[in-house]
Amino acid sequence: MKDMNEGYITPDGRQIGGVLMELKNITLKFGGVTAIENISFDIRDGEIRAIIGPNGAGKSSMLNVISGFYIPTEGEVWFKGYKRGPMKPYEIARLGIARTFQNIALFDGMSVLDNIMTGRLTKMKKGLLAQAGWWWTGAAREEYENRDKVERIIDFLEIQNIRKTPVGRLPYGLKKRVELARALAAEPKILLLDEPMAGMNVEEKEDMCRFILDLNDEFGTTIVLIEHDMGVVMDISDRVVVMDYGKKIGDGAPDEVRNNQAVIDAYLGVAHD
Amino acid sequence: MTGAREDNLAEAVTKGHESAQSIPALLARNVARFGGYPAYREKEFGIWQSWTWSETSEEIRAMALGFLSLGVERGDHIAIIGRNRPAHYWAIVAAQMCGAIPVSLYQDAAADEMAYVMEHCGARFVIAGDQEQVDKILEIEDRIQDITHILYTDKRGMRKYDHARMNALADLKAEGRAGHQRYELELDRRIAELDYDSTCVMLYTSGTTGKPKGVVLSNRNIIATAKASSDFDHLGHNDEVLAYLPLAWVGDFIFSIGQAYWTGFTVNCPESPETMMTDLREIGPTYFFAPPRVFENQLTTVMIRMEDAGRLKKWLFDHYMEVARKVGPDILDGKPVSFGKRLSYALGNLFVYGPLKNTLGYSRIRVGYTAGEAIGPEIFSFYRSLGINLKQLYGQTEASVFITQQPDGEVRADTVGVPSPGVEVRIADNGEVYYRSPGTFVEYYKNAESTASTKDPEGWVATGDAGFFEPDTGHLRIIDRAKDVGKLADGRMFAPKYVENKLKFYPAILESVVFGAGRDRCTAFINIDLAAVGNWAERNNISYASYQELAGHPRVYEMIREHIEEVNESVAQDPMLSGCQIHRFLILHKELDADDGELTRTRKVRRNIIAEKFADLIGALYDGSSEIYTETEVTYEDGRKGAIKATLRIEDAKVVPVKPMAEAAE
């Protein structure tokens with residue numbers, strides 16, 4: 001599994017490609033607090049990569065480094081073979097990185113459809129003036145094309161029945177799904193999911209797992225997810241990074257990680273002697 | 001290539017339109033007659049996609065050619081499991097073209113139930129709607145040896161499956177188009193072989209008792225019935241229906257295939273089961289069928305929303321609904337109504353009925369039917385008073401649906417109408433209803449014994465229902481299942497369904513099961529309707545944490561007892577059935593569920609299974625105890641088992657004293 005550009009084959013027979021993103025010796029400090037300390041790992045094309053760890057381990061910070069929202073104090077991020085510099089949010093989106101949030105960040109007053117359409121913003125080239133022209137400028141056609149993409153995502157996530165419902169009226173589990181839909185609308189290369197199952201019941205979790213697996217399968221999207229539900233993580237992810245107090249304490253296939261003593265200690269605690 | 005096909009079509013057309021003796025022949029006729037009119041619509045990706053009769057024919061042919069390339073033989077059974085989608089209807093007709101027999105299965109059936117049917121009909125090919133259905137087939141594959149190929153409609157999630165014996169239906173069509181030169185002749189030969197007596201479809205009965213039986217229906221059954229019933233209601237090619245009821249149900253087959261191919265009307269398929277109500281509104285069907293349950297749910301939704309409406313709106317609604325209740329049905333039946341009342345009704349139509357019908361999707365309905373269960377008189381008259389021509393029919397799978405139906409202008413809540421055109425009905429001495437019609441089924445598949453016991457040599461079929469003709473109107477009234485009609489210990493008549501239906505007309509009561517055969521008095525299980533009772537609880541500041549807690553709440557018991565006492569009063573009016581008053585009852589701690597085998601897939605109560613499963617509760621109803629502790633096994637959707645524990649209270653209900661018949665007789 002250590003060879004750099006060869007992929008590997010998962011136990012369920014999926015071909016995982018070469019390295020898509022590599023994080024080299026990342027350290028992130030906020031003033032005197034070290035959130036992440038000298039962590040390196042890679043994300044391969046097409047895999048489902050989980051980041052786990054106890055509360056405050058620095059998982060969300062790590063996700064923010066991956067997304068480019070935080071610039072690491074030390075270390076380098078290589079994406080698609082290039083070293084990545086500081087970026088604006090729209091540049092991140094255009095690079096093909098989309099995310100969902102731990103706390104839902106949707107527009108409550110807008111319909112599900114409109115919320116998902118916002119995910120297409122970077123794909124739409126026509127400016128305000130062109131949109132005012134509508135028919136003559138091709139803005140209408142652009143809107144139709146994008147709506148088509150969005151409808152396919154609505155179909156994929158089985159939310160046709162709430163298409164026109166304002167997001168504010170939806171239950172939590174569905175909001176999470178809408179957020180996933182919006183992230184998908186950007187047709188990301190890497191999809192970052194910050195606790196996609198938090199606060200869901202068993203059935204909603206199962207649905208969400210199915211959607212994550214299906215979208216990885218259907219669109220070949222690489223997925224990086226943070227999750228607390230160990231059952232879920234061990235079930236769906238290909239490789240797992242374990243963090244504790246800002247350090248990496250484990251990295252590998254779910255089974256390896258499960259049997260890693262450092263990981264067990266971090267989760268169960270160690271007797272002080 | 002297209003030249004040859006058009007020749008075939010032309011030939012089929014010149015053979016004579018009216019003598020079309022199979023569904024594929026009707027298809028060819030429709031292409032010639034209504035080629036450019038829409039045959040199917042389906043909402044997908046938020047847009048209604050439509051297919052004309054010509055396009056439909058092309059799709060079906062491609063599918064049939066694909067079937068031939070897979071080696072479908074005459075007489076093979078092809079199982080279809082999926083929701084209402086044009087592709088599934090096409091597969092049915094494509095199967096017929098190949099001389100194969102389509103068999104539709106209920107898509108919510110558990111793998112076990114499916115295994116029985118698949119094994120029984122020996123299906124060689126399966127058309128599965130999506131991954132979920134494919135998984136079920138794979139799960140039972142080792143038990144059923146006959147399956148040679150699985151085809152699926154929705155590709156999602158299917159990439160990783162072993163495709164050695166599996167294909168997407170779209171790929172099959174492509175295959176058929178590619179191989180058309182090889183199979184074209186063979187296909188035309190097979191289509192030409194079809195006649196009035198070849199099998200059109202095989203549908204399994206829901207199996208209220210015992211294992212489901214495969215009802216074989218011929219082209220004659222389906223086409224003759226479709227013709228008669230279309231003429232009865234003047235259906236034409238401009239009509240629109242919404243296909244949302246299970247494909248495996250005979251009604252859907254008659255409406256979406258039989259009548260659709262006979263008259264050439266448009267079949268609209270919803271986007272998903274959850275969007276049915278929105279789609280209904282967008283399509284605005286002119287011909288609509290729904291079981292009473294759908295109408296009940298809609299009415300409940302309307303009433304709940306009106307409770308929350310502003311005062312002016314609520315006043316408008318109440319006022320004009322009162323007007324509608326008084327004059328609406330008369331106007332609909334064409335009876336004389338004074339000018340003032342007509343004016344008032346017209347205003348009501350402007351303010352209330354029109355917008356309400358539009359919201360419900362009933363603006364354009366010309367003919368609506370309800371059947372399957374008795375419908376509450378209030379519910380029935382609510383829709384009729386709005387000007388919706390809702391009628392009742394009585395039928396069963398073995399009759400290709402129609403036995404009796406209500407003609408326009410002769411509609412009542414408590415009868416099921418007069419015999420449908422071409423149907424003869426007679427009442428046996430024991431009260432059981434018999435019929436004979438061109439729609440009478442051919443046989444039960446691989447079950448000569450049941451066929452013989454149901455259909456006599458002269459073609460009369462026992463419905464299993466007890467009923468009588470009203471002397472003055474000639475309308476049929478159904479009392480109950482003939483085998484459920486029994487006697488109390490003292491010999492008085494016991495008709496559980498009659499009482500259960502009266503109970504179920506209360507919005508708070510979802511299901512009820514009445515016991516009493518061979519006992520000295522009647523008792524009942526009640527299932528509350530969570531939506532209605534939950535809303536009631538909210539308005540009355542009653543808090544509850546679970547279904548179980550709500551069901552056991554003293555105020556809920558109080559409400560149910562009042563309902564039961566009202567029913568007792570009404571039952572006491574009928575001298576024949578006054579013994580069926582309910583003396584004691586309990587409210588069940590769980591909803592009766594088809595997954596637990598307590599209901600059939602068409603949601604009919606399975607008495608024997610309930611009596612067996614809840615024997616302890618029935619015991620307590622009769623031994624005078626005031627509460628009972630019970631544990632019930634439940635099956636979750638994924639097949640896991642669990643148990644619910646509860647202590648149920650049993651309460652008495654007042655009964656109206658009637659002159660005991662035994663004494664009078666002595």
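Residues are numbered from 1 along each chain as its sequence is written, and chains are lettered from A and ligands numbered from 1 in the order in which they are written. Because the model is predicted, local features need pLDDT of at least 70 and side-chain atom pairs count only at pLDDT 80 or more, while totals for chains, interfaces and linings use all residues.

Reader: How many helices and strands does chain A have?
Author: Helices (H or I, at least four residues) and strands (E, at least two) are DSSP runs, numbered from the N terminus. On that basis chain A has 10 helices and 12 strands.

Reader: What radius of gyration does chain A have?
Author: The radius of gyration is taken over C-alpha atoms, and the globule rule is 2.2 Å times the number of residues to the power 0.38. For 273 residues a compact globule would come out near 19 Å, and the value for chain A agrees with this: 20 Å.

Reader: What percentage of the residues of chain A count as buried?
Author: A residue is buried if 20 or more other C-beta atoms lie within 10 Å of its own, exposed if 12 or fewer, and partly exposed in between, with C-beta atoms placed from the backbone. Among the 273 residues of chain A, the buried share is 36%.

Reader: Which element gives the most to the side of domain 1 of chain A that touches domain 2 of chain A?
Author: Domain bounds come from an automatic or database domain assignment, which for chain A gives domain 1 (1–92 + 189–195 + 222–273) and domain 2 (97–187). Their contact (C-beta atoms, placed from the backbone, within 7 Å) takes 12 residues from domain 1 of chain A and eight residues from domain 2 of chain A. On the domain 1 side, helix 1 (59–67), helix 2 (89–95) and strand 9 (190–194) of chain A each give two or more residues. With five residues, the element that gives the most is strand 9 of chain A.

Reader: How many residues of chain A are in contact with chain B?
Author: Chain B brings 10 residues to this contact. By class, its side has one nonpolar, four polar and five charged residues, where Ala, Val, Leu, Ile, Met, Phe, Trp, Tyr, Cys and Pro count as nonpolar, Asp, Glu, Lys and Arg as charged, and the others, Gly among them, as polar. On the side of chain A the number is 13 residues.

Reader: How far apart do the C-alpha centres of domain 1 and domain 2 of chain B lie?
Author: The assignment for chain B gives domain 1 (2–288) and domain 2 (486–665). Nine residues of domain 1 of chain B are in contact with eight residues of domain 2 of chain B. The distance between the two centres is 41 Å.

Reader: Why is helix 17 of chain B largely enclosed by the rest of the structure?
Author: The buried residues of helix 17 pack against several elements of chain B, including strand 21, strand 24 and helix 20 (554–572). Helix 17 (residues 496–504) is largely enclosed because of its count of buried residues: nine of the nine.

Reader: Which residue is the bridge partner of Val514(B)?
Author: Strand 24 (residues 509–515) of chain B has seven of its seven residues buried, so it is largely enclosed by the rest of the structure. Two strands pair if DSSP finds at least two bridges between them; here six bridges join strand 24 to strand 25 (residues 522–528), which run antiparallel. In strand 25, the partner of Val514(B) is Ala524(B).

Reader: Which residue takes a positive phi in the hairpin of strand 20 and strand 21 of chain B?
Author: Strand 20 (residues 461–469) and strand 21 of chain B pair in the antiparallel sense over five bridges, and Asp465(B) stands opposite Arg481(B) in strand 21. Of the six residues of strand 21 (residues 476–481), five are buried. The hairpin has six residues between the strands, and the residue with a positive phi near 75° is Gly474(B).

Technical notes. Contact = placed C-beta atoms within 7 Å.
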